[in-house]
Amino acid sequence: MRLKNIAVMVLLVGTLAGCKKTWLDVNTNPNALPSSTPDFVFTNGLTRMAFSSLNPNELGSYYSGQWTQSSSYILSPTIFSYLFTNSDFNYWDGWYDILSDFNYAEQNAAAYDQEFIQGPARIMKAYIYQQIVDVYGNAPYSEALKGGSLLFPKFDDQKSIYEGLIKDLDTAIIYIKANPFTGSGAAADVAFKGNDQKWIQFANSLKLRILMRQSRIAGRDAYIIAEINKAAAITEGFLPAGVDVGVNPGWLATAGKTNPMYDRWAYDPNGATRSLARFPRPTRYLFESLIATNDTFRMKRLAYAAGGENTSTPGVSTRSEIVSNYIGVPFGVASGYTAPATSYIGPSQFVKGQFNKPYYLFQASESMFLLAEAKQKYGSGVNLPGTAQEYYEAGVRESFRLTGAGLANANTLLTSGINEADWNASTDKLKAIWMQKWISLTNFGGFEAWAEYRRTNYPNTPQSASFTGPERPLRLFYPGTEQGSNRANVEAQGTINVFSNRIFWDID
Amino acid sequence: MRKILSLLSMLMLFTVLAMAQTRPVTGKVTNDKGDPIPFATVTLKGTKTTSVADANGNFSIEAKTGDVLQISSAGVASKDVIVGSSGSVNVSVTSTTGQMEEVVVTAQGVRRRPRELGYSVAKLNNEDLIIGRSPQLAQSLAGKVSGLAVFNVNNSVDPAVKITLRGFRSMTGNNDALLVIDGVPQPGSQTMLNLINPNDIDNISVLKGGQAATLYGSAGVNGALIITTKRGKAGRAKVSFTNSTNVEQLSFLPEFQDKYGNGSAYAVGYGQPGYKTDHLERMKDNWRPFENQQYGDPYDGSLRIIGRQLEDGSQNIVPYSPIKGERKKIWNTGITTNNQIAVDGGSENTVFRLSVEDNRAQGIVPKDKSNRTGVRFSAGTQAGRLTANFNAAYIQQNFDRTTHNFYFESLNQAAHIPLSQYKDWKNNKFANPNGYFNDYYNNPFFRLDNERQVYGDYNLSGAMDLGFKINEWLNVTEQIGVTNNTRNRKNTVGKFIYSDWAKNSAFVPSPWEATNDYDGIDRAGTDNLGSVYDAMSTENILNNELRLNAQKDFGDWSTRGMLGFNVFQRKTKFTELQSASIVVPDVYNVSNRQGELGGGEANTMERKFGYYANLAGGWKDMIFIEGSFRYDFTSRFYKNDRPANLFSYPYYGVDVSFVLTDLFPVLKSNVLNYAKLRAGYNKNGNDNIQLYGLDRTFGNGPGFPYGGTVGLTVGDVLPDPYLKPEFVKSTEVGAEFQMFKNRLNLDVTAYWQKSEGQVLQVKVPNSTGYPFLRLNVGDTKNWGYEVDLKMAIIRTSDWNWDFSVRYSYNDNKVVKLYQGVDQFSYGGFSYAQSFVKKGQAFPVLSTTAYLRDSATGLVLINSASGYPLPNAKLKDFGRTIPKHILGWGSRLRWKDLSFAANFEYRGGNVMFSQLGRDMTFTGSGKWTENRDPQRVPNSGYYDANGKIVENTTVNVRESEYGWWVNNYRNFAENFVTKAWFIKLRDISLTYNVPARAVSKTKIFSEMSFGLFGRNLLTIVDKKNFYTDPEFSVNNTNLLGINDTNQTPPVRQYGVNINLVF
């Protein structure tokens, strides 16, 4: 018995003492990485821009009158009756999340000897911030992205953010010149494969987008001209013909790895039609605008004939590609235009099996149209070598190139003698630029098209058939998520009325 | 030896007793039912020699043959027995104070008499659980314990449940009660709740407050259900057989309209040329033979085609009139059969029990089935000072169900569609996807067959313990418990490629065609390439308890102490493989695919250890005081560079009990025979943080890696470096009364809980770059009271009638959130979400709502279209967990016939039904029946002077479609209803064949037959057209939002037979 007692006591004392704290050392996450080099984060940021541009581009395509929805789905009143609230269209959270990635890449670049990331990361930040301003106005900028150290970032004035972005882009260009891509950089850069020159050109064109957006504000011309001339003085220049900003990490035919636009609106990785292919439809107004200039070339690239793509001969419509088979849907109409009876989004974006096209963030044609508008508006005040007509025609050709409508056809259009197609025949040169830019952004840059529509009020796209009043949304609400977590700063912006609170560059 | 012992004795504040030299006599003290009476005092009459029985009633005392032992214990009549020559004495004593003195099992297996407890404990016995013969434990518990809420969030053959005690404390963490099976805690696992056979359970003690945590550690912070499984009883081996068979039927479906057939918005829209002003004309234009929505023209009995002409030229022409009962006919009658065999027996010192259960269920969703087969074995032996127990179970259950939302699909088929004829889609050309009429939604029976999930759990669990009695007052117990669960799952979707005819040529023939019709079935545009998903998860829990128990009386004082040490480890592994295509049909292997293989894995490991002590004292069996202390170490907060106070934490509890009627005998009267006051306070630590929650992580970005291209994203959560466990402080006071010779028992409790420093993933502005910060910020309050009333109304030899009522009130409040953060959402739908909001009870339901004039309450409309305007923000509609829970039940016995029933009421909360929204979308809901021109009720608009005037003239623009689908449906407040209900939870009528009759069979020793039912009656709010308010989209803290993934509510009834050989 004594022995037993001793045994029990030894067991008891032994076990109590035997547990060391290091036994608890199992708290390292076995499922996720604890750190990353900036290049991987940069790659991810670029790729996420493709994913997160899908929704804003979709909404912009509707609100710029390029797309509407088919009546195979019941009408979305949120979109087409403008019945949206602060819990709809929250692009804010996603954008700031990606900003955080680029910010991490930029700020940790030096520590990891990857300084070449700094410039491109800052360019991408400017690209995103402009989009934030363009739908939300004032937003956190100078106090943003500071993590736990600044939890309630104040909102900067939208105009000052715009000015800050120009400076950011200047800085970015200096960074790139000082730290060209080396080592792993080319692989990390899924837009330009480590081409410093193209990044600088992108920065310059982005500057032009930011500057020209303000061009209708009275008294802003001197600033714009000065900044354009600073950009024009940089030897790399603006995005030239043939150079679009497209993201392609190497899309694969695997679930979640195809081009996200193809995946959303066209086909799954194995080529089965997505049911959402039945949702978006080119508007009747888009087709009417194209037909008005005999531009059936791009119409057949921007849309498939009613019934969609013939999946056994990819790239070609099921029905014969004659104009009468191209059925657009009146904007915001609730009924009578089911998906199979109307045109699908076309082969310029979607061809069965072509899941690996780049996702475009900025087109060369837009760069040309920006130059055209700058030259047309400021003439010799800006040190741009070409004429407005040259830039305009280059823009149209770039659009034909990207849509696959053929260079010869572009020349046909440019010499057609039709208003807003042929420069010389156009009565209002700015409207010609705006119209052609609107067409060139169709399917590719809906978000930009909506911003430009608000800036220029052109072309005169019809009001939604599902809305009774004359007004249209001019911006978005600050999202409920920011409202709930940064209330004082959101409320300092006043009560937002999406039909009357204009972005600062939207003068009328 | 002496040195160690005395050290230990000092530690325990006891002194060593010298041992007597006569021969040891052992025995067991039991009550008249054979249940052990723990800690009875055994005195050698005429001497000072005493001994105290252990928790299981076993005692040992030195005595000689012929000595008289006096057995005494609180609440029992003292009894004398003479020591015989055998050396073993078994004593059965009779209770003097009725039910109240039943022993309850409290934390760490300590058996105590209720009078000693300073907190509220409820006890359920096997007979309480098996009234409704539910194979699921959770369903057997509903409404039976005050403070306990069982949420049957989904029915089906694999029901999901949530069990909480005293409401919600944690905003984002777990609020579920801990399950402890035979001493082994089962945290973070709902599996055992589904697996355990209720009939194997001897009793359940429900520790409602913080007391469980003080001894069970953090996992017990939400209270605990301490389950003791049945043990064998000494005596002749008995074999019992039980069969119960029940059917399961729909108890209610939402109300459907049967006036309008299929149609959608095809009529020319307002403002377009050709717009028709007569809504009946528009309805005619809206009719289409291939529509899923039900906004066509009124049923008129004419013969009309449904769908399009098939490739072989055939047309499916049916009367355009509703088919009565079709909506119900598509659901099956479920059948559950449950067979059990148990064998138990043993000798004086060794007992065993073996039980086998086989449960087979078919649900109301066609082809859904499940089965559960389990074996449980327990054995215990006593050899001198050693006791050893072993208890193990192997249980496997398998499910075969559809992954398809059959309910939703069925709503998309109009009332004249002969849906129940479309089960055979392989041979019936109109049921085949190539010929099925509906353009947008497939034949629900096809999808039911084509989209399957087969999964199962394989569970081996058990516990072993070894006890050693060191001396008269001290024993040591070592227990190891293991739970090992494997879950396999295979989800498959069959491949289906549509015919060219279906894709491009199927047409609507004359005379039913319409302008703008097109050829080809819309849905055929998307081929189904099939898919396979294969996953496996394993969970392994190890729990070790080492306890030293002491028990000794000093004069008027009785004391008891415990020192314990606990080690816990839980390890999980999850792997999955998937492929989004099938090459050769019907072969479901991920290698039979095109494209890339998808997959992933997740592993977790957590470890804890803790030291605990408990000291309880009683004075003259009238005043009791108890204190507990625990010191925990948890891996969840551990890093080798973190200070120890961030991952280890002490906490404690204290409670007192006063038996007033013994302290002040003057209080005793014919009316009141027992009264007790009690109070307790606990401060509990809780390591309520998600696993690996201290790490900032970099995860793969969307789709990454793309071949060789790697992309990592900065994690969304920034953890505070000083994260530490949270603390929950609970205060509880209560009183117990027994009156009218114990005929009436009343137990009242009030409690307050304050949870401080909850680890929250706070939504911070995304503009900081991190959507979430994880830090200790949230404080909540949770309070309520509970009343339990039991009445023995009639007690005669022929009649026995008991009645009991259990009421609980619970409320909570978010006291503190992070500065500047007022609220966050649990999720839901964008238009109906469940929120945590500062200053309010949580969760609170917020939905899209009408814009109303605050002065008049009028719904503001657009005066041109007549349609309502939306409120800019989501509007709060109230809490989603019940405030009031009332259970009441009765047992009635007349001779050999007994009857039992339990009801439950819950209320004070609201719910949102996506089903309502879906049925407005499809136009199948009864509430959409009015399609005539109408105004928005109680509406108003701004007149030309900017004044709000009541609307008496402006109709909604399109009452036959636009009003319902584009407006009414979008105001989610239309589908918010009060969530109160009354249910007849379970009911049974049992006939026990009298012993005289049974004995004549010579085979059986007991025999009974019964009828039983569950949820036979359900009453809900008259505006709740939709479903069972208990349902919810999942069993997380997001309660109160339900949809069509919860199949319609059911009732069950059946027969059972029980035979003992």
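Colleague: Why is A:Asn443 called buried?
Modeller: Buried means under 20% relative accessible area, with exposed over 50% and partly exposed in between (1.4 Å probe, protein chains only). A:Asn443 comes out at 3%, so it counts as buried.

Colleague: Before we go on, what are we looking at?
Modeller: A predicted model, where local features need pLDDT of at least 70 and side-chain atom pairs count only at pLDDT 80 or more, while totals for chains, interfaces and linings use all residues. Residues are numbered from 1 along each chain as its sequence is written, chains are lettered from A and ligands numbered from 1 in the order in which they are written, and side-chain values use heavy atoms, leaving out hydrogens and water.

Colleague: Which phi does B:Tyr692 have, and where is the residue?
Modeller: Its phi is near 60 degrees, again positive in a residue other than glycine. B:Tyr692 lies in the loop between strand 31 (672-686) and strand 32 of chain B, and at 5% relative accessible area it is buried.

Colleague: Where do you find cis peptide bonds in chain B?
Modeller: One runs from B:Phe704 to B:Pro705, with omega near -5 degrees; B:Pro705 is in the loop between strand 32 (698-700) and strand 33 (712-714) of chain B. Another joins B:Phe842 and B:Pro843, with omega about -5 degrees, and B:Pro843 lies in the loop between strand 40 (832-837) and strand 41 (844-847) of chain B. For background, most peptide bonds are trans.

Colleague: How do you know how helix 8 of chain A is oriented to helix 13 of chain A?
Modeller: Axes are lines fitted to C-alpha atoms, for helices over the stretch in contact, and angles run from 0 to 180 degrees between N-to-C directions. The axes of helix 8 (residues 196-213) and helix 13 (residues 364-378) of chain A come within 10 Å and cross at roughly 50 degrees. That makes helix 8 of chain A oblique to helix 13 of chain A, since under 35 degrees is roughly parallel, over 145 roughly antiparallel, 65 to 115 roughly perpendicular and the rest oblique.

Colleague: What hand does that crossing of helix 8 and helix 13 of chain A have?
Modeller: Left-handed: the near helix is turned anticlockwise from the far one by less than a right angle, where clockwise would be right-handed.

Colleague: Why call helix 4 and helix 5 of chain A roughly antiparallel?
Modeller: Their axes come within 9 Å and cross at roughly 160 degrees. Helix 4 and helix 5 of chain A are therefore roughly antiparallel to each other. This crossing of helix 4 and helix 5 is left-handed. A:Trp95 and A:Phe102 of helix 4 take part in the contact, as do A:Ile128 and A:Ile132 of helix 5, among others.

Colleague: What makes A:Tyr73 and A:Phe279 edge-to-face?
Modeller: Rings of Phe, Tyr and Trp (its six-membered ring) pair if their centres lie within 6.5 Å; planes under 30 degrees apart are stacked, over 60 edge-to-face and the rest tilted. The whole-structure search finds 92 aromatic pairs over all chains. A:Tyr73 and A:Phe279 are 5.2 Å centre to centre with 70 degrees between the planes, hence edge-to-face. The pair ties together parts that are 206 residues apart in sequence. A:Tyr73, at 23%, is partly exposed, whereas A:Phe279, at 11%, is buried.

Colleague: How are A:Phe155 and A:Tyr478 arranged?
Modeller: Edge-to-face, at 5.3 Å centre to centre and 80 degrees between the planes. This pair links parts 323 residues apart in sequence. A:Phe155 is buried at 11%, and A:Tyr478 is buried at 4%.

Methods. Helices (H or I, at least four residues) and strands (E, at least two) are DSSP runs, numbered from the N terminus. Contact means heavy atoms within 4.5 Å.
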